[in-house]
Amino acid sequence: MWPAAYPQGYAVVDVETTGLARDDRIVSAAVYRLDAQGNVEDHWYTLVNPERDPGPVWIHGLTSDVLEGAPLFPEIAAEFSARLDGRVLVAHNAMFDWSMIAREYARAERTAPVRQRLCTIALSKELSLPLPNHKLESLAAHYGVVQQRAHNALDDARVLAEAFRPSLHTAAERGVRLPLLECRPLTEWAASPVAPRIGHQASYHANSWRPSRKRPACPYPNPGRYEADKPLKQGMRVAFSGDTSIDRELLEDRATDAGLHVASSVSRLTSLLVTNDPDAATSKTVKAKSFGTPIVDEAAFTQLLRDVDAADG
């Protein structure tokens, strides 16, 4: 029997962006609308002119020439809203997609009609799927879904929709409570009092809009310190200090999803400290230097996150 408490519809979303920071912009977006049991109703895709450099073209393939004639976000906001309205937003690392979408709506002086989101990474954890990591390609391979164009918003949304349906049915069969989270519109965040116009930037205060939350314990043993020129390994204790260009909680979530232990302080057990200002006399950097803890910057860390070794047997 299908759980009565499950949502009545879903919007599986993927956005490609100029980067991962708060001032980055969406360059393409795709939505697959699904019914209550995960069956595809329709899909939609659009390019978006970010009014700035397109960022990592080598990832999303969208050059300035391609995006020059694309609509601005305010011009597609109504159609995007129609696709999202009354549905749970589903995405792979949903906090990132939602934060990018919410900021675009705020710049357009609108609010996205989304009240809840569901992260397929969180769902795969709830279901204890035997995945080697939490990449979309691993989830797709688990269900035999073929990726045709990775980092193309339309194909990524299709792949996720096809992988979400069997996950949803497995959850329903087991009576699993879906990991639904609230979507807060940007007006509830600590932004500047006046909504920014296109081309202008709001002032954001990191993490002030989020409720504090306790992270689950890392299931892997600590393999020790990070060694230069070697990959990270699941279970390593990672601490962060100072400002980061990527939203701090998103960066910590990515570390947790990779199987790392996010530590709030530095001790002799810390495997690595991530900071963009190693010369700052913060308590974490001072302790890291006294303990001989390896220190890397944010850019190096995000590269290391792409290929984290599995924990020992």
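**View 1. The whole protein chain, as a predicted model.** Residues are numbered from 1 along each chain as its sequence is written, and side-chain values use heavy atoms, with hydrogens and water left out. Because the model is predicted, local features need pLDDT of at least 70 and side-chain atom pairs count only at pLDDT 80 or more, while totals for chains, interfaces and linings use all residues. The chain's secondary structure comes to 10 helices and 10 strands (DSSP runs numbered from the N terminus: H or I of at least four residues for helices, E of at least two for strands). Its radius of gyration is 20 Å, close to the 20 Å that the globule rule gives for 313 residues, so the chain is as compact as a globular protein of that length (the radius is taken over C-alpha atoms, and the rule is 2.2 Å times the number of residues to the power 0.38). Along its principal axes, the C-alpha trace spans about 55 × 50 × 35 Å.

**View 2. The largest pocket and its lining.** About 1600 Å³ of space lies in here (a pocket is an open set of points on a 1 Å grid over the protein atoms alone, where a 1.4 Å probe fits, with protein on both sides within 12 Å along at least five of seven lines; lining residues have an atom within 4 Å of a point). The volume is the space filled by probe spheres set on the points, which are joined across faces, edges and corners. Of the 48 lining residues, Leu-20, Asn-93, His-151, Arg-254 and Arg-306 lie nearest the centre. Strand S1 (9–17) is one of the elements that supply at least two lining residues, and S1 gives the most, with five.

View 3. Trp-44 is buried, with a relative accessible area of 12% (buried means under 20%, exposed over 50%, partly exposed in between, with a 1.4 Å probe and protein chains only). Not counting residues up to four places away in sequence, Trp-44 touches Ala-29, Ala-30, Val-31, Ile-76, Glu-79, Phe-80, Arg-83 and Leu-154 (contact means heavy atoms within 4.5 Å).

**View 4. Pro-74 in helix H3.** Helix H3 covers residues 73–84, and its Pro-74 counts as partly exposed, at 34% relative accessibility. Glu-109 is 35 residues away along the chain, with 8.6 Å between the C-alpha atoms of Pro-74 and Glu-109.
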